[in-house]
Amino acid sequence: MNAYLKIIRPGNAVMGIIAVILMAIIGTNYNIPIILGAIAVFLAMGGGNVINDYFDHEIDAINKPERPIPSGRISLKNAKIYSYFLFIIAILIGIIISYLVNSYIPLLIVIISSLLMYYYAHTLKKIALIGNLSISFLTSLCFIFGGFIIGLETKNIEIIITSFYLGFFAFVITVAREITKDMEDIEGDKIEKAKTFPILYGKKNSSYLSGFLMVLASVLSPILYFNGIFNFYYLLVLALAIITFFYGACTILKDQSPISCKKASKLVKIGMIISFITFAIGSF
Ligand SMILES: CC(C)=CCC/C(C)=C/CC/C(C)=C/CC/C(C)=C/COC[C@H](O)COP(=O)(O)O
Ligand SMILES: CC(C)=CCC/C(C)=C/CC/C(C)=C/CC/C(C)=C/COP(=O)(O)OP(=O)(O)O
Ligand SMILES: [Mg+2]
């Protein structure tokens, strides 16, 4: 894969696009602003991934030397310029979206997200829980950003409220996954003197918090059926996502080794993808 494509982590960026488009599916409204919104999220998330690897290049040289910067395929200078370019294009698209929906909110979300991703990579990621909460807040914004674009375009407050519900679940489950990823990276983070939650409070306590959040999100998620947002088919497919999240929780509670953490992290990501499907099916 081309180094400039690999460094933006297209898989995650596409998941961000899906979250935005899901709001169009749920709101049954497909307009130019939502398409532009999906592109803005892809570019902003790409910029965040690039600047994250820029600031992580020393630790990645130890833990993940195959990545584009430590492997020498992209220079530090080019990586910084590339991330700024991606953020600027995303913000320019945000200006167009705000003009089209006649509200400053979409542009504000893109600007805040871009600044927060830069600050996360520069500073916040080394602070216990604050880094995890920042990434999770950004992830939840995918849905909320899409919800505002559709809601402002169609003057539909309900879709905005729905986006906050989905954003809440994305937030909780991403906090769980970020703590799990920090558990996996604990040795490398110790070298970099990062004060992550597992380093400060231990892997066992981290597994309790991560497992609790996976179970909490799963147990609360049927509320989207009972409050009438999604149909009965949502519950049927949601069961698969819940099983996956519970499997992830059991994995991390049973064994806190890096291999087990990696497995749990992958399980949660699979659960996210299944959740995307259940949100779409549940809205028809
Ligand atoms: C209970 C329930 C129904 C939960 C569903 C939650 C859901 C659908 C979450 C999806 C959130 C989302 C829009 C994710 C976008 C992509 C993503 C994974 C973003 C956060 O990733 C940061 C992470 O540090 C990247 O690490 P890695 O994946 O290892 O490269
Ligand atoms: C709403 C708008 C306009 C944008 C949202 C952008 C989103 C969804 C961001 C989600 C969080 C994200 C993917 C941030 C990028 C930075 C990143 C990859 C953080 C994780 O990096 P590390 O904590 O170093 O983990 P790695 O070990 O994977 O490098
Ligand atoms: Mg990193």
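Author: A polar contact is a pair of N or O atoms within 3.5 Å; within protein, one atom must be able to donate a hydrogen and the other to accept it, and neighbours in sequence count only if both atoms belong to side chains. This is a predicted model: local features need pLDDT of at least 70, side-chain atom pairs need pLDDT 80 or more, totals for chains, interfaces and linings use all residues, and side-chain values rest on heavy atoms, with hydrogens and water left out. Residues count from 1 along each chain as its sequence is written, while chains are lettered from A and ligands numbered from 1 in the order written.

Reader: What makes the pair of Asn231 and Ile281 a polar contact?

Author: Take the distance. A polar atom in the Asn231 side chain lies 3.3 Å from the backbone oxygen of Ile281. The limit is 3.5 Å, so the pair counts.

Reader: Where does Asn231 lie?

Author: Asn231 is in the loop between helix H12 (223–226) and helix H13 (232–254). A helix here is a DSSP run of H or I with at least four residues, and a strand is a run of E with at least two; both are numbered from the N terminus.

Reader: Which backbone atom does the Asn2 side chain meet?

Author: The backbone nitrogen of Tyr4, 2.6 Å from a polar atom of that side chain. Asn2 stands in the segment before helix H1 (3–6). Its C-alpha atom is 9.3 Å from that of Arg73, 71 residues away along the chain.

Reader: Why is the pair of Lys125 and Asp56 called a salt bridge?

Author: The term needs a side-chain nitrogen of Lys or Arg within 4 Å of a carboxyl oxygen of Asp or Glu. The closest N and O atoms of Lys125 and Asp56 are 2.4 Å apart, so the pair meets the rule. The pair links distant parts of the chain, 69 residues apart: Lys125 in the loop between H6 and H7, Asp56 in the loop between H3 and helix H4 (57–63). The rule gives a count of 7 salt bridges.

Reader: Which residues come nearest to ligand 2?

Author: Arg9, Asn49, Asp56, Tyr120 and Lys125, out of 20 residues around ligand 2. A residue is near if one of its heavy atoms lies within 4 Å. Oxygen atoms of ligand 2 lie 2.5 Å from an N or O atom in the Lys125 side chain, 2.6 Å from a polar side-chain atom of Tyr120 and 2.9 Å from one of Asp56.

Reader: Which helix gives the largest share of the shell around ligand 1?

Author: H8, with 6 residues.

Reader: What makes Ile32, Ile96, Tyr99 and Leu100 a nonpolar patch?

Author: Patch residues have over 30% relative accessible area and no salt bridge; nonpolar side chains (Val, Leu, Ile, Met, Phe, Trp, Tyr) are joined within 5 Å, like charges within 9 Å. These four residues make a nonpolar surface patch of about 450 Å². Helix H5 (residues 76–101) gives the most, 3 residues. Ile32 belongs to helix H3 (residues 32–55).

Terms used. Accessible areas come from the Shrake-Rupley method with a 1.4 Å probe; for residues, only the protein chains shown count as cover.
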